[in-house]
Amino acid sequence: MENENKRAHQKLNEDDLYYKLKEQDETIIKNIQPPDYACDCHGKYCNGFPVNVNPVLMEKIEAVQGLVDHPVTVISGVRCEMQNKVMDGSNLSFHKLGRAADIQCDTLGVDGLAEIAESVGLLVIRDYKEGMVHCQWNE
Ligand SMILES: [Zn+2]
Ligand SMILES: [Zn+2]
């Protein structure tokens, strides 16, 4: 399990991809950002949205919600640099790009929710410890 997780992270978070997407996303025009996705620092280190939430990521998570009868909660969305450090997140975390969200559904287990997220095209990491699914959009 441990090794499997490490591999998944590597596949999802290559350095080149991170910087390519960072540049690409900085050109996206700012729009209204959904509060569910605001940085977990709650205004301590940033204004909630140091980056935009990727619109495709949001669409995909809405699609997941559409396929599930019970509420799907966004536990963690965008993360600023400081909050990512505080949370001991990966240095190249896609949360810092607005391209990752951790979601949870009370009635579906991690595997059930992860399968649905994968079915709409999201990359996922199953977090059994926290009982949530890390969803990521890499394009
Ligand atoms: Zn923050
Ligand atoms: Zn995550």
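This is a predicted model: local features need pLDDT of at least 70, side-chain atom pairs count only at pLDDT 80 or more; totals for chains, interfaces and linings use all residues.

Modeller: Among contacts between residues at least 6 apart in sequence, 66% join residues at least 24 apart. The chain has 139 residues, of which 43% count as buried. Its secondary structure comprises 5 helices and 4 strands, and from the N terminus on these elements follow the order α-α-α-β-α-β-α-β-β. The accessible surface amounts to about 8200 Å², with 51% of that area belonging to carbon and sulfur atoms.

For comparison, the ideal angle for four tetrahedral donors is 109.5 degrees.

Cys-41 and Cys-46 are both buried. For Cys-41 the relative accessible area is 7%, so this residue falls in the buried class, the limit for which is under 20%. Cys-80 is likewise counted as buried because its relative accessibility is 6%.

His-42 lies in the loop between α2 and α3, and its phi is near 50°, a positive value in a residue other than glycine. Its relative accessibility is 72%, and His-42 therefore counts as exposed, whereas Cys-41 is buried. Pro-35 is also located in the loop between α2 (15–25) and α3. With a relative accessible area of 68%, Pro-35 is exposed. The C-alpha atoms of Pro-35 and Val-74 are 9.9 Å apart in space, although the two residues are 39 residues apart in sequence.

The zinc ion (ligand 2) is coordinated by His-95 (NE2), Asp-102 (OD) and His-134 (ND1), at distances of 1.9 to 2.1 Å. In sequence, the donor residues are spaced H-x6-D-x31-H. The pair His-95 and His-134 links distant parts of the chain: His-95 belongs to the loop between α4 (81–86) and β2, His-134 to strand β4, and 39 residues separate them. Both histidines, His-95 and His-134, are buried. As water is not among the atoms, a site may look incomplete, a caution to bear in mind when reading this list of donors. The loop between α4 and β2 also contains Asp-88, whose phi is near 60°, a positive value in a residue other than glycine. Asp-88 counts as exposed because its relative accessibility is 70%.

The largest nonpolar core has 25 residues, of which Tyr-37, Leu-57, Ile-61, Val-64, Ile-103, Leu-122 and Val-133 touch the most other members. At least two residues of this core are supplied by each of α3 (55–67), β1 (72–76), β2 (100–105), α5 (110–119) and β4 (132–136). Helix α5 provides the largest share, 5 residues. Apart from this core lies another, of 7 residues, which includes Leu-17, Leu-21, Leu-97 and Ala-100.

Leaving aside neighbours within four places in sequence, Ile-61 is in contact with Tyr-37, Val-74, Ala-101, Ile-103 and Leu-122. Leu-67, by contrast, has a place in helix α3 but is exposed, with a relative accessible area of 53%. Not counting residues up to four places away in sequence, Leu-67 touches Ile-116, Ser-119 and Val-120. For Leu-67 and Val-120, the separation along the chain is 53 residues, and that between the C-alpha atoms is 9.7 Å.

Definitions and conventions: Residues are numbered from 1 along each chain as its sequence is written. Chains are lettered from A and ligands numbered from 1 in the order in which they are written. Side-chain values use heavy atoms; hydrogens and water are left out. A nonpolar core is a set of buried Ala, Val, Leu, Ile, Met, Phe, Trp, Tyr and Cys residues joined through side-chain atoms within 4.5 Å. Buried means under 20% relative accessible area, exposed over 50%, partly exposed in between (1.4 Å probe, protein chains only). Contact means heavy atoms within 4.5 Å. Donors are N, O and S atoms within 2.8 Å of the metal (3.2 Å for Na, K and Ca); water is not among the atoms, so sites may look incomplete. Accessible areas come from the Shrake-Rupley method with a 1.4 Å probe; for residues, only the protein chains shown count as cover.
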